[in-house]
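Hi,

Here is the structure I promised to pass on. My notes on it follow below.

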Amino acid sequence: MALVYFRGIRTSHLRFPLITPFPRRNGVPFCAMRSLDTQTRTPTDNPKGQVKADASENQPKTLERNTSGFETIIGIETHVQLSTLTKAFCGCPYTYGSQPNTTVCPICMGLPGTLPVLNSKVISFAVKLGLALNCKLSMRSKFDRKQYFYPDLPKGYQISQFDIPIATGGFIDLDLPLEFGGGHRKFGITRVHMEEDAGKLLHSETGSHSQLDLNRAGVPLLEIVSEPDMRSGVEAAEYAAEIQRLVRYLGVSNGNMQEGSLRCDVNVSVRPIGQSKFGTKVEIKNMNSFSAMNRAIDFEISRQVNLHNQGQADQIVQETRLWEEGSQRTITMRKKEGLADYRYFPEPDLPEVVLTDDFVDSILSSLPELPEMKRRRYEGMGLSMQDVLFIANDVNVAEFFDAAVEKGADVKMAANWIMGDIAAYLKNEKLSINEIKLTPQELAALIASIKGGTISGKMGKEVLFELISKGGTVKSIIEKNDMVQIVDPSKIEALVDKVLAENPKQLEQFRGGKTKLQGFFAGQVMKVSKGKANPMLLNKILIEKLNAKS
């Protein structure tokens, strides 16, 4: 069929609109097919109403959480979509959200006679990630064909790596947030291998037909397989979040789960404490956030433990289950009778990948400071773990903080400003720290102005918000708004005397025992001084005046 549809296409005009025999939807060409009852589906490609729950799922979505007496074993397979300019084996670009079938060519569509050419950037990114995960690199590796049929796989096989992945035997360190008990964790990495992504099926609301978008076909992926070292939903979610941080720090992927740039398949099993044999493994898909991953795992743990406690452990079968966000439960997607026979064999159209020591050393020397290294450095600077985790979580925030400290900002004050008013503004306006007009240099200048007594902390907030929204310099904003603090004791004393003279009744009440009126007098002085009186100096002089004998 492909030979008929694409006969006579010129390679210089390879755009999918040429395939007129395919139906169109709103002017956009699609490959359409009828849905079959026996058709299996990926988690992101599952149409509404196509998955049927089995008997073990007909229970309340809120399961009992008593999991005592059982140990949970969790491993994760993470697919990272690489931020290369072109696909893995052809020159097509990939941009999330592009019109369907507009970034395709005969190679990524799997047309007969086409040959793949490896994008060298994929190797660089794989080596970079392998080194960052403390893996052993395979100096000679190869690609393999993983063969299976699915409509979104146009070639009928996926180019992947099987027995000789590019990196093996690593680990990743992370710190759990304080709200989850804190503590340090180290999780093993089994392997990292290179592969290509499949296309995407777009299902109709009724499930009567599906449309095929091949834009994603051939996009380079790195699959990271963890050891089964995690024991809770929290640990699994934090592991995935650390992988996201790592790929963003390295610049190999944007790691956006909502766009499918970071996809996690979680394998969960439970076993009685003391038992060495693993329980039956269940795979969970369709989780598009770390919180969803945490909830999905917790639900699945409870489901399996409940079946054990009810004497129905035989109902826990090796299968793939989908996380339903609406009902907050996992449901059966497809059963797994055993390991799939993908008939792997070496990819004949691609040479083996040979790394040289010089190439590896050049990438190793180019690695940035990674999240774990940054957290340990911040701890050494005297920041609390809460501060450390917040700042190191986002590479752009961390770089902003480091630049401000380098410009002379007090470490703790810089952290407080970033975590407080700046973070609140960013969240409210839905911006990143790179999108505001405040610079690290001006944050350092603002902190210096407050520490030096030029302006008060309250004035500092006004200056900060103008810097964020309009830019400029701290000095020019202070001068423009006449914000320089009054630090001359004689001037503040004169203001205090004036306020006390104008409020004799309140002064008498204070000296009669109503000491809370001190705040009233301080407020009046600040009002008269237009907020420019130095607070510490003001309080010192005010207390002396209030307690002086009349």
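First, a term: a nonpolar core is a set of buried Ala, Val, Leu, Ile, Met, Phe, Trp, Tyr and Cys residues joined through side-chain atoms within 4.5 Å, where buried means under 20% relative accessible area with a 1.4 Å probe, protein chains only. This is a predicted model, so local features need pLDDT of at least 70 and side-chain atom pairs count only at pLDDT 80 or more, while totals for chains, interfaces and linings use all residues. Numbering runs from 1 along each chain as its sequence is written, and side-chain values use heavy atoms, leaving out hydrogens and water.

Now the cores. The largest one has 67 residues, and L133 and Y239 have the most contacts inside it. Helix α3 (residues 233-250) gives the most to this core, ten residues; helices here are DSSP runs of H or I, at least four residues, numbered from the N terminus. Apart from that core lies another, of 39 residues, including I391, F400, A444 and I450. As for Y239, its contacts (heavy atoms within 4.5 Å) beyond neighbours within four places in sequence include I76, F187 and M230.

Then the helix pair. The axes of α2 (residues 120-132) and α3 come within 11 Å and cross at roughly 130°; axes are lines fitted to C-alpha atoms over the stretch in contact, with angles from 0 to 180 degrees between N-to-C directions. K128, L129 and A132 of α2 meet L246, V247 and L250 of α3.

Overall, 49% of the chain's 550 residues count as buried.

Cheers

Methods. Buried means under 20% relative accessible area, exposed over 50%, partly exposed in between (1.4 Å probe, protein chains only). Helices (H or I, at least four residues) and strands (E, at least two) are DSSP runs, numbered from the N terminus.
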